[in-house]
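Open the model in your viewer and keep the selection tool ready.

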Amino acid sequence: MSTHTNPPPPAHPLKAPRERLVVVGNGMAGIRTLEELLAKAPDRYDITVFGAEPHPNYNRIMLSPVLAGEKTFEQIVLNGRDWYEANGIKLLTGDRVEAVDRANRTVTAMSGLTVAYDRLLIATGSTPFIIPVPGATLPGVVGFRDLADVETMLEAAARGGRAVVIGGGLLGLEAANGLKVKGMDVTVLHLMDTLMERQLDRSAGALLRHELEGRGIAVLTGADTAEIVGNERVSAVRLKNGQELPADLVVMAVGIRPNMALGKAAGLACGRGIQVDDAMTTSDPAILSVGECVEHRGQTYGLVAPLFEMAKVAADRLAGGVESAYTGSVTSTKLKVTGVDVFSAGDFTGGKDCEDIVFRDAARGVYKRVVVKENRILGAVLYGDTKDGGWYFQMLKDGTEVAPVRDTLIFGPNFGGGFGGEGAANPKAAVAALPDSAEICGCNGVCKGTIVKAITEKGLSSLDEVRAHTKASASCGSCTGQVEQLLALTLGDGYAGEAKAKPMCKCTDRTHDEVRRAITALELKSIPDVMQRLEWRTPDGCHHCRPALNYYLLCEWPGEYKDDSRSRYINERVHANIQKDGTYSVVPRMWGGLTSAKELRAIADVVDKFAIPTVKVTGGQRIDLFGVKKEDLPAVWADLNAAGMVSGHAYAKGLRTVKTCVGSEWCRFGTQDSTGLGVKLERMTWGTWTPHKVKLAVSGCPRNCAEATIKDLGVVCVDSGYELHVGGNGGMHVRACDLLVKVETEAEVLEYTGAYMQLYREEARYLERTAPWLERVGLDHIKRRLVDDPEGRAALNARFLFSQSFSQDDPWAERASGSVDRHEFAPLAQVG
Amino acid sequence: MDQSISWITVGSVEDIPRQGSRVVRTEGGDIALFRTVTDEVYALEDRCPHAGGPLSQGIVHGARVTCPLHNWVIDLASGEAVGPDEGCAGHCPVRVVDGTVQLGLAAFRPGRGGCGHG
Ligand SMILES: Cc1cc2nc3c(=O)[nH]c(=O)nc-3n(C[C@H](O)[C@H](O)[C@H](O)COP(=O)(O)OP(=O)(O)OC[C@H]3O[C@@H](n4cnc5c(N)ncnc54)[C@H](O)[C@@H]3O)c2cc1C
Ligand code: HEM
Ligand code: SF4
Ligand code: SF4
Ligand code: FES
């Protein structure tokens with residue numbers, strides 16, 4: 001063995017030779033310590049890094065997306081070789097350190113290289129625990145720890161066949177998902193009866209299991225592995241109950257063990273890991289240790305956030321600090337499987353004196369549980385909607401008193417502060433509501449204030465820049481959404497947005513906007529086309545995506561696309577509102593709220609003839625007939641049609657009503673003919689399909705009796721013309737309109753209305769009302785398109801009127817005539 | 001085929017819209033017949049296990065239907081609510097012979113409610 005020492009430090013006339021720092025382990029904790037150290041004391045050490053893996057430092061967390069094919073290795077490299085060079089660090093990859101000689105202060109590596117140190121940092125991470133069953137060392141059995149493991153899995157996946165993943169925890173499930181995406185038949189074996197039982201309770205575990213099974217991953221719980229079967233290679237896994245599962249690949253993901261061999265051999269104090277004090281120093285004061293290989297106050301860790309906190313302290317101590325101390329961490333977990341949102345933190349086993357607050361939304365697949373004890377959050381499990389995870393976690397860590405918000409705690413921080421139709425939560429408001437001290441990025445411990453400050457002071461305008469400057473969202477990426485919201489909040493219009501938003505639903509990874517762009521760009525003209533070209537994961541979508549696709553196609557191809565009634569919610573299919581007892585309500589249109597003796601008589605006759613139990617005046621200035629039996633609907637419509645009445649679309653994601661006051665015709669304050677204008681607006685806009693319902697109103701003077709300033713578009717007449725107000729709604733979260741523009745003539749009101757409706761139709765996402773749409777794109781954007789650009793406005797209005805030329809057929813008349821969808825209203829058969 | 005069940009013909013597959021449903025009136029209540037995008041036919045009691053919503057009016061996707069009242073998703077083959085909801089719509093054997101739909105009404109299996117049944 002050749003003995004070899006560091007080249008002598010370059011002679012420097014003023015400074016003493018630099019101290020020598022050796023780092024063993026080129027992983028996440030070790031290199032993070034160096035980054036922190038270089039920021040504090042760039043010149044203090046001559047640094048040498050040994051890494052057993054042949055690669056520069058990469059983001060281990062992101063191995064899961066690499067396995068799933070969502071990222072390449074290059075994309076997860078944290079520091080390339082140029083970084084080491086630029087910082088004068090000597091990097092020795094593919095060379096494992098085998099021994100530490102504490103007396104002489106040297107380390108010796110596999111290659112025989114020996115390097116002397118003044119300070120040594122051990123950051124050797126951990127190793128997958130391989131359960132000691134026969135066959136565990138057969139080829140084809142891998143752990144899930146490093147890039148080599150991922151490469152082995154990808155090779156196996158390329159050959160197809162069956163994979164068995166032992167262990168249904170975080171790592172095992174991420175491996176299972178990746179292998180499934182890569183085309184293998186995957187079975188997960190889990191000893192316990194709940195997946196991720198350390199992070200999830202039974203309900204969330206069941207949801208997760210169901211989701212994974214829906215993706216075609218088989219899950220066996222209570223499965224205790226007895227043996228891995230195979231001659232030259234693995235061929236099956238046998239369970240204690242005798243069941244045998246054929247396997248071409250076996251992934252062991254049953255846990256990790258701190259990799260403390262080197263420390264132990266060197267005689268450092270070790271327990272479950274290399275023992276360190278609050279200064280991250282081992283039993284030898286010259287040697288520090290960080291990462292998964294350490295035991296601190298009896299605890300070991302397996303997530304990056306605590307390691308990064310350790311790295312900060314270690315770096316400070318190496319830089320000469322004497323005060324900083326690591327005192328342990330509370331951790332939270334997120335699962336990184338695209339499309340599955342799972343968050344867990346703290347202790348949620350519940351029990352005596354604990355109070356459970358649970359929220360379920362079956363339709364959205366949301367489950368939230370917060371465990372409270374003595375008015376403080378003890379733990380939280382979120383499934384399906386994890387955006388408030390950071391908020392709970394912050395309160396958990398801070399021990400915040402939750403009594404003041406106890407009643408709405410489960411709805412998250414933006415409850416009551418947000419807006420939006422149908423209770424849609426607003427993530428922007430949620431982030432806006434957080435205090436500056438709230439932690440956004442759990443991995444790197446970056447709080448809101450730091451991010452906002454970096455954005456403003458350094459002029460950052462994209463996610464990548466924020467990552468580069470603050471490290472927020474640079475590790476596991478779960479907080480990406482919140483960072484984007486912060487960019488949007490801080491920069492307003494100056495933020496162009498990022499490519500990746502939430503997928504439309506579980507059937508696809510594409511966002512609403514991506515799907516819409518593809519419909520236009522690829523000229524997709526039917527729902528099956530969209531699903532085929534955009535690789536939907538389900539044969540025919542679900543109740544979330546089908547109505548949305550139907551709308552997008554209808555909007556993009558007016559006159560060409562044939563509406564798909566099977567993709568419409570029942571109300572829009574039968575043109576009436578289903579009630580809780582399965583009967584329907586029928587609302588005929590009353591233009592601008594006007595009616596007549598003839599209409600009222602016809603309504604009265606229909607009520608008598610069909611024994612309609614309830615007649616009510618709606619908030620939209622028309623009459624609602626409640627309790628109509630489904631099979632009576634066509635006949636009811638025929639009678640109403642005969643008196644000249646048409647559908648009021650009170651059921652539609654489309655124009656509902658145009659509410660008016662009496663205006664100058666009768667009212668002593670009236671400045672314009674608000675009723676007449678309302679009728680014109682309703683005649684122009686009725687029958688349109690929009691992303692969500694649209695309500696208009698016209699008030700004859702600023703007294704605003706028609707409540708026009710909480711409508712999607714409201715006109716307030718004044719002496720000199722008309723004020724147009726946009727983006728308001730009533731509903732759960734009332735939002736008052738913003739003033740768009742003031743115009744002088746009715747013709748301008750009509751043109752603006754058409755253009756505004758079309759802009760909303762083209763830009764808003766399905767089920768997004770004008771209020772959240774406006775908040776998302778900004779009033780300035782709408783002004784730019786409509787007010788500053790007269791040609792664009794005229795073009796939008798023209799597109800609106802063109803599409804209206806196909807949509808203003810009374811759906812009642814079509815159905816009353818018996819030519820459309822007759823089958824909707826009659827039973828197939830009567831038996832018995 | 002199964003000899004122990006007596007089958008009643010109720011119509012043809014073509015009478016049920018694809019990705020849709022039709023109702024058969026019986027003394028014991030309505031039975032909803034569903035036809036999936038791949039032309040499989042299923043029969044469930046037309047009562048959602050949640051609060052009795054008319055499943056026949058829901059959106060059919062895959063071998064599931066979403067109830068129109070509160071969006072529970074019901075598996076057409078078993079009548080079971082898809083997790084995390086719990087409950088089961090009654091279901092009825094059904095078969096297709098030469099394009100005609102036949103129900104085995106006598107073998108109807110009643111459901112069990114989740115919450116607020118009826
Ligand atoms: C697939 C996967 C997904 C994960 N997902 C998450 C997640 O979502 N969130 C989260 O917080 N955490 C996650 N983790 C855990 C996280 O990656 C680890 O906590 C973190 O990498 C540990 O950092 P470390 O520096 O202690 O160890 P490592 O990053 O493992 O670094 C140790 C390095 O030391 C090298 N080494 C070991 N012994 C020697 C030696 N004698 N000589 C030289 N080099 C040596 C090893 O080869 C390794 O490269 C995940 C882990 C994996 C494997
Ligand atoms: C199944 C759900 C719902 C049904 C069946 C329903 C039905 C109706 C009907 C029939 C009207 C009269 C409208 C008209 O004349 O066209 C109405 C008005 C109204 N609804 Fe709903 N609604 C539902 C959900 C909601 C929700 C979730 C909100 C809140 C976000 C809401 C807010 C309003 C408001 C504010 C009005 C008054 C409209 C006006 O005065 O212009 N509705 N609703
Ligand atoms: S808004 Fe003005 S014009 Fe209209 S009814 Fe009220 S006071 Fe009269
Ligand atoms: S406000 Fe009245 S009509 Fe509207 S959803 Fe509630 S109960 Fe139904
Ligand atoms: S009755 Fe079916 S979901 Fe409520």
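Are Glu35(A) and Arg32(A) buried or exposed? Select them: both are buried, which here means under 20% relative accessible area, with exposed over 50% and partly exposed in between (1.4 Å probe, protein chains only).

Before going on, note that this is a predicted model, where local features need pLDDT of at least 70, side-chain atom pairs count only at pLDDT 80 or more, and totals for chains, interfaces and linings use all residues. Residues are numbered from 1 along each chain as its sequence is written, chains are lettered from A and ligands numbered from 1 in the order in which they are written, and side-chain values use heavy atoms, with hydrogens and water left out.

Stay on Glu35(A) and Arg32(A). Their side chains form a salt bridge, 3.3 Å from N to O. The term covers a side-chain nitrogen of Lys or Arg within 4 Å of a carboxyl oxygen of Asp or Glu. Both residues sit in helix α1 (residues 28–40) of chain A, 3 residues apart, about one turn of the helix. Helices (H or I, at least four residues) and strands (E, at least two) are DSSP runs, numbered from the N terminus.

Next, select Arg589(A) and Glu682(A). Their salt bridge spans 2.6 Å, N to O. This pair links distant parts of the chain, 93 residues apart: Arg589(A) is in the loop between β31 (584–586) and α19 (597–609) of chain A, and Glu682(A) is in helix α21 (residues 674–685) of chain A. Arg589(A) and Glu682(A) are buried.

Now go to chain B. Asp30(B) and Arg25(B) form a salt bridge, with their closest N and O atoms 3.1 Å apart. Asp30(B) is partly exposed at 26% relative accessible area. Arg25(B) is partly exposed too, at 24%.

Last stop: select Lys368(A), Asp385(A), Lys387(A) and Asp388(A), which are linked in a network of salt bridges. Over all chains, the structure holds 39 salt bridges.
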